[in-house]
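Let's take a walk through this one, from the packing inside to a loop residue worth a look. Have the coordinates open as you read.

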Amino acid sequence: MRVLARTIAIATALMSAAGMAAAAEIRVLSVGAVQNAVRNLAGAFETESGHRIVLSVNSPAVAMQKIKAGEVHDAVIISEPAMDQLDADGVVNPESRVPLASTGLGVAVREGAPLPNLSTAESFKKALLAAKSIVYGDPTLPNQSGEKAEKILRQAGILDALKPKLKIVPGQAASQEMVAKGEVEMGLYNVSEIPEGKGLKLAAPVPAPLQVATMYEAALMSDGSVPEAARAFIQFLAKPDARAKWIAAKLEPAGR
């Protein structure tokens with residue numbers, strides 16, 4: 001009986017050790033626009049798989065700088081145009097690219113302030129022209145909300161008229177604080193990056209005729225050390241069961 005118990009104990013210990021050996025630490029580099037959904041899904045993936053996600057969240061510009069500097073990660077989550085660049089440079093595995101979700105631009109106002117009518121292209125233009133001040137990020141930085149904001153204002157034909165009251169603030173946290181304090185009337189950000197309950201309110205997304213959406217993709221880094229585990233995480237992010245998490249984070253899941 002003791003021999004049987006000892007055999008079972010050894011087998012259990014070996015299985016446990018094998019499971020620990022199989023567990024991987026997956027280094028993931030992600031942009032901030034998708035971080036809320038990715039964090040939630042990473043926790044669920046860790047529980048289900050036993051792997052550990054080490055998530056590094058950065059602005060698109062900083063993420064690209066880290067990659068160019070040779071910082072090693074197993075997977076990257078970034079906008080489609082930026083992923084095209086990484087693909088062309090051989091930084092990611094092309095066949096591993098998976099579209100995850102998209103977000104458009106939204107108008108943020110101070111919590112408690114009257115909400116402007118943004119339901120149509122015309123009402124959007126009238127609301128922004130009537131605003132005392134508007135803030136967004138640096139439009140010269142590629143693949144960021146400031147670039148998208150300026151493109152929308154140019155397409156709407158109101159960029160030149162708005163220039164005297166536009167404020168360009170590269171730091172998103174700093175610019176959102178300005179809106180929350182009432183120092184600026186409106187802010188233009190990715191819908192997924194407008195935090196509710198921090199003095200801000202999403203007035204509405206930019207209406208469809210003027211909207212510019214950004215698709216975010218995940219892919220394996222070419223120099224990653226745990227490709228199979230990282231691939232499993234990417235597949236987990238893209239599976240149908242993950243849709244609710246993306247929607248809850250104000251992102252539109254990719255059609256799948």
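Contact here means heavy atoms within 4.5 Å. Keep in mind that this is a predicted model.

## The largest core

Start with isoleucine 78: setting aside neighbours within four places in sequence, Ile78 is in contact with Val31, Ala63, Met64, Met83, Leu86, Met215, Tyr216 and Glu217. Ile78 also belongs to the largest nonpolar core, which has 43 residues; along with Ile26, Val76, Phe233 and Trp246, it touches the most other members.

Who builds this core? Strands E1 (25-31), E3 (75-79), E4 (98-103) and E10 (214-220) each supply at least two residues, and so do helices H2 (35-49), H3 (60-68), H4 (80-88) and H9 (227-238). H9 gives the most, with seven residues.

## A second core

There's also a separate core of 25 residues, and Tyr136, Met186, Leu210 and Val212 are among them.

## Strand pairing around E4

E4 and E10 run antiparallel and are joined by five bridges. In that pairing, Ala101 stands opposite Tyr216 of E10.

E4 pairs with E11 (residues 252-253) too, again in the antiparallel sense, over two bridges. Here Ser102 has Glu252 in E11 as its bridge partner.

## Aspartate 138 in its loop

Where does aspartate 138 sit? Look in the loop between strand E6 (134-136) and helix H6 (145-156). The Asp138 side chain makes a polar contact with the side chain of Thr140, at 2.7 Å.

Not counting residues up to four places away in sequence, Asp138 touches Gly146, Glu147, Ile168, Val169 and Pro170. As for Asp84, 54 residues apart from Asp138 along the chain, the two C-alpha atoms are separated by 22 Å.

Technical notes:
Residues numbered from 1 in each chain as written. Predicted model: local features only at pLDDT ≥ 70, side-chain atom pairs only at ≥ 80, totals over all residues. Heavy atoms only, no water. Core = buried A, V, L, I, M, F, W, Y, C linked by side-chain atoms within 4.5 Å. Buried < 20%, exposed > 50% of the residue type's maximum accessible area, 1.4 Å probe, protein only. Helix = DSSP H or I, 4+ residues; strand = E, 2+ residues; numbered from the N terminus. Pairing = 2+ DSSP bridges. Polar contact = N/O pair within 3.5 Å; in protein donor to acceptor, adjacent residues only side chain to side chain.
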